[in-house]
Amino acid sequence: MDFKLTDRQIDIIETMREYGTSVFTTENVRQWREDQGLPDDVVQEFARRYFSLPSTAGEESAFSQSLLNQALVIEELCRCAGCTLPFQNDLFELHIMAGFADDHDFSTVIDDFRRTGRVMFALAVSEPQAGSDTQNMTTSVRTQDGKIILNGVKTFVNNGEYAPNILVAAIDEDAPDDVRHPALSFWFVPRNLKGIQAYPINKIGQPMLPFASVTFKDVELKPEYRLTGPNASAGFPHLFSLLERGRIFTCASSLGMAQAAMEDAARYATERQAFGTRIGEFQQIEQMLTDMEIRLWNMRNLLYEAAMKSDEDAPDKRLAIALMKRYIPAAATQVASDAMQILGGIGYTERERVSHIWKDCRGNQLAEGTDQIMVYIAAPLIRQKYGK
């Protein structure tokens with residue numbers, strides 16, 4: 001495929017680069033990692049710039065940008081910051097909302113995001129026993145004595161402690177299951193309802209994404225909390241297709257961070273001298289830099305192709321996305337690890353961002369479906385492709 005970017009896409013990258021380099025300085029990123037989030041003015045400026053990007057007629061995504069263009073935004077900002085940023089989760093969560101809500105509810109959410117730069121809800125899908133196996137969720141709603149009651153536990157809920165609302169995926173026990181899938185429903189639940197408790201999850205990386213476990217114990221819901229958009233009844237099959245968009249954003253983040261690690265490593269290899277020679281001229285370092293560059297090229301090709309196939313709704317988009325997610329986060333982790341190796345002892349300290357990049361990239365091997373789950377998805381599609 002021809003991955004030559006259009007002039008418009010180059011403008012998008014340059015717009016985000018101008019914003020990213022001015023905002024995500026080393027000092028700022030260090031402080032915001034400690035704060036576990038970005039200041040209001042930073043996210044508001046992101047929203048202003050994002051919604052000022054030129055759109056093209058015929059691009060029918062929720063935000064007038066193709067998935068490829070959204071991936072370019074995430075990639076460039078994560079390259080500038082050298083860390084995982086909230087924006088990838090924000091855009092993914094808005095896609096989920098758009099996929100199940102009606103126009104009125106989604107307009108309320110997107111207008112608030114445009115104004116504040118923050119998503120007004122936390123997305124609660126994963127569970128302790130239902131991560132990659134989403135269909136195994138046990139959180140449910142049922143009618144009891146004329147009241148709609150929600151019970152269950154969700155985990156890895158981004159902003160679960162702080163968001164004013166929670167978008168909860170739950171099995172509807174009042175509705176019959178179809179042949180293959182339980183009846184899935186989404187509920188836009190105020191965070192302050194009686195029976196909701198959130199507990200922080202301490203991770204080793206990605207501190208700007210504050211995750212929490214959230215419990216729902218006999219939470220009484222109003223009927224109007226339920227999302228009732230045109231695709232709301234599509235249930236799990238529709239959710240699975242939306243999760244693939246999250247995988248594109250996760251891989252864009254991984255690629256951006258790996259590019260940042262590569263730039264740090266190449267710069268250090270050029271400047272650092274040992275035994276009277278720049279270390280970048282040592283054959284071992286030359287080989288590491290070469291292999292890192294190969295991985296970056298492969299990552300970028302896989303990401304752009306998967307995003308383009310998704311935009312075009314190509315017949316093999318599921319395979320392209322699974323192969324992308326199988327390869328990119330692991331390759332990004334390896335690039336970050338090699339960058340630490342090139343920097344030596346200093347690369348293993350909090351002073352250098354390559355150590356943070358490694359931890360953040362490693363987490364993306366688990367997010368939105370693990371490396372191993374991608375094999376489970378891809379292998380049958382590969383057999384089908386070659387079986388023909």
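Biologist: To begin, is Q372 buried or exposed?

Modeller: Q372 counts as exposed, at 54% relative accessibility. Buried means under 20% relative accessible area, exposed over 50%, and partly exposed in between, using a 1.4 Å probe and protein chains only. This is a predicted model, in which local features need pLDDT of at least 70, side-chain atom pairs count only at pLDDT 80 or more, and totals for chains, interfaces and linings use all residues. Residues are numbered from 1 along each chain as its sequence is written, and side-chain values use heavy atoms, with hydrogens and water left out.

Biologist: Where does Q372 sit?

Modeller: Q372 belongs to helix α11. Helices (H or I, at least four residues) and strands (E, at least two) are DSSP runs numbered from the N terminus. From C-alpha to C-alpha, Q372 is 9.9 Å from K325, although the two are 47 residues apart in sequence.

Biologist: And E368, where is that one?

Modeller: E368 is in the loop between α10 and α11. Its relative accessible area is 23%, so E368 is partly exposed. Its phi is near 55°, a positive value in a residue other than glycine.

Biologist: Which residues lie nearest the centre of the largest pocket?

Modeller: They are G131, S132, R247, E368 and G369, out of 48 lining residues. On a 1 Å grid over the protein atoms alone, a cavity is a set of points where a 1.4 Å probe fits but cannot get out, whereas a pocket is an open set with protein on both sides within 12 Å along at least five of seven lines; lining residues have an atom within 4 Å of a point.

Biologist: What volume does the largest pocket have?

Modeller: The volume of the largest pocket is about 1,500 Å³. Grid points are joined across faces, edges and corners, and the volume is the space filled by probe spheres set on the points.

Biologist: Which element supplies the largest share of that lining?

Modeller: Helix α7 does, with 7 residues. Elements that each supply at least two residues include α5 (86-100), β3 (147-158), α7 (235-271) and α11 (371-387). By class, the lining has 18 nonpolar, 18 polar and 12 charged residues. Ala, Val, Leu, Ile, Met, Phe, Trp, Tyr, Cys and Pro count as nonpolar, Asp, Glu, Lys and Arg as charged, and the others, Gly among them, as polar.

Biologist: Let us turn to strands. Which way do β2 and β3 run?

Modeller: Strands β2 (residues 140-144) and β3 run antiparallel and are joined by 5 bridges. Two strands pair if DSSP finds at least two bridges between them. S140 has N151 as its bridge partner in β3. The hairpin of β2 and β3 has 2 residues between the strands, and D145 there takes a positive phi near 55°.

Biologist: How many bridges join β3 to β7?

Modeller: There are 8 bridges between β3 and β7 (residues 211-221), which run antiparallel. V157 stands opposite A212 in β7. D218, also a residue of β7, has a positive phi near 50°. D218 is partly exposed, because its relative accessible area is 49%.

Biologist: What does I149 touch?

Modeller: Not counting residues up to four places away in sequence, I149 touches S140, V141, R142, Q144, D218, V219 and E220. Contact means heavy atoms within 4.5 Å. I149 lies in strand β3 and counts as buried at 9% relative accessibility.

Biologist: Why is β5 described as largely enclosed?

Modeller: Strand β5 (residues 184-190) is largely enclosed by the rest of the structure because 7 of its 7 residues are buried. L184, F186, F188 and P190 point one way, and S185, W187 and V189 the other way. In a regular strand, side chains alternate between the two faces of the sheet. Strand β4 (residues 165-172) runs antiparallel to β5, with 7 bridges joining them; I171 stands opposite L184.

Biologist: Last topic, helices. At what angle do α4 and α8 pack?

Modeller: Helix α4 (residues 67-81) and helix α8 (residues 283-311) pack at about 145°, with their axes 8 Å apart. Axes are lines fitted to C-alpha atoms, for helices over the stretch in contact, and angles run from 0 to 180 degrees between N-to-C directions. The contact includes L67, L68 and A71 of α4 and R300, L303 and Y304 of α8. Its residues divide into 8 nonpolar, 1 polar and 3 charged.
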